[in-house]
Amino acid sequence: MSASAATSTGGSERLYWLMLLAPCVFLALFYLAPVLNVLVLSFTVPRPGLANYAELVNNGAVQRVLWTTLRIGAITTVLALAIGYIVAYALLQCGPRERKILLGIVVASFWISALIRAFAWVALLQSKGLVNSILLSTGLIESPLSLVRNELGVLIGMVHYMLPYAILPLYTSLRGIDDRLVPAARALGATPGQAFRWVFLPLSLPGLIGAGVIVMIFSLGFYITPAILGGGRTIMVAEFISVQISETLRWGLAAMLATVLLGAVLLLVMWLSRFMDVEQALRK
């Protein structure tokens, strides 16, 4: 090997390691270090020990917030999966032109911020909003329904925001199912419902579980939609953490809740890895 070739090889190797180490250093400085700092604060503020974690057992307000977060996250996940599965199945069955249009609508929803969506739902669901006005004008109700600044409003806003996160993974999963299996089941005497329940649905369960975990992860840490549509009456853990930091200045309690939330998300991600081949997805 000539000296110039050796120099070129050495330079390429150094460039490779530089490109590999630079993102790692960036993540360590701007992500890992703050996360570790939050973990340390949860054990040291206002005094060293496990007093902050004892609030999980002793503090009724903390327990209510955690229960509210889990309940709303679970309901949001179930509703988003139910609606998302229907939409994903429809995408699979429709023609190429209709599929492109529908997928374009789903993807375009990512361009609308959560803040704009939340205020749009406030305008639609308030007592003098479009929904109540239509219901009143048609005579279906005699007085405006309470659709916002409560848990119902939070659920409506969160399900709407989470739908694309359910639809796209589900559609990807459904596309991977061999489209000859259902006709084969029909040919063997199964009704359309039986072919769906016994063949198609079981094969789609890994994608259904994966999409559910993704939606649940986002739902646990959601802040903007619950804060606006909940109107301070439905408080989830992210908003509660914000209050502890900016108003009550209980940084240790906020750090503890943030650590618990991060731990729950990591556990969900580990569970998700059982149903999704990340390496194969990256190769695709």
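Trainee: What is the relative accessible area of Glu151, and what class does that give?

Mentor: Glu151 has a relative accessible area of 24%, so it is partly exposed. Buried means under 20% relative accessible area, exposed over 50%, and partly exposed in between, with a 1.4 Å probe and protein chains only.

Trainee: Before we go on, what kind of model is this?

Mentor: This is a predicted model, where local features need pLDDT of at least 70, side-chain atom pairs count only at pLDDT 80 or more, and totals for chains, interfaces and linings use all residues. Residues are numbered from 1 along each chain as its sequence is written, and side-chain values use heavy atoms, leaving out hydrogens and water.

Trainee: Back to salt bridges, then. How many are there?

Mentor: The count comes to 2 salt bridges, each being a side-chain nitrogen of Lys or Arg within 4 Å of a carboxyl oxygen of Asp or Glu. One of them joins Arg71 to Glu151, with the closest N and O atoms 2.7 Å apart.

Trainee: Which parts of the chain does that pair tie together?

Mentor: Arg71 sits in helix α3 and Glu151 in helix α7, so the pair links parts that are 80 residues apart in sequence. Helices here are DSSP runs (H or I, at least four residues), numbered from the N terminus.

Trainee: New topic! Is Arg117 buried or exposed?

Mentor: Arg117 is buried, yet it has no salt bridge. The nearest side chain of opposite charge is Glu239, 18 Å away; Lys and Arg count as positive, Asp and Glu as negative, and His and the chain ends are not counted.

Trainee: OK, so where does Arg117 lie, and what does it touch?

Mentor: It belongs to helix α5, residues 114-125. Setting aside residues up to four places away in sequence, Arg117 touches Ser109, Phe110, Ile112, His160 and Tyr161, where contact means heavy atoms within 4.5 Å.

Trainee: You mentioned Glu239. Which residues of α11 are buried?

Mentor: In helix α11 (residues 237-246), Glu239 is buried along with Val237, Ala238, Phe240, Ile241 and Gln244. These buried residues pack against α3, α9 (192-220), α10 (224-229) and α12 (251-272).

Trainee: What about the loops? Is the peptide bond from Val45 to Pro46 cis or trans?

Mentor: That bond is cis, with omega near 5°. Pro46 is in the loop between α1 and α2, and Arg47 is in the loop between α1 (3-44) and α2 (51-58) too. At 54% relative accessibility, Arg47 counts as exposed.

Trainee: How far apart are Arg47 and Gly252?

Mentor: In sequence they are 205 residues apart, but in space they are 8.7 Å apart, C-alpha to C-alpha.

Trainee: Last one: what is phi of Arg149 and of Leu249?

Mentor: Phi of Arg149 is near 60°, a positive value in a residue other than glycine, and phi of Leu249 is near 60° as well. Arg149 is in the loop between α6 (130-137) and α7, and at 39% relative accessibility it counts as partly exposed. Leu249 is in the loop between α11 and α12, and its relative accessible area of 57% makes it exposed.

Notes: Helix = DSSP H or I, 4+ residues; strand = E, 2+ residues; numbered from the N terminus.
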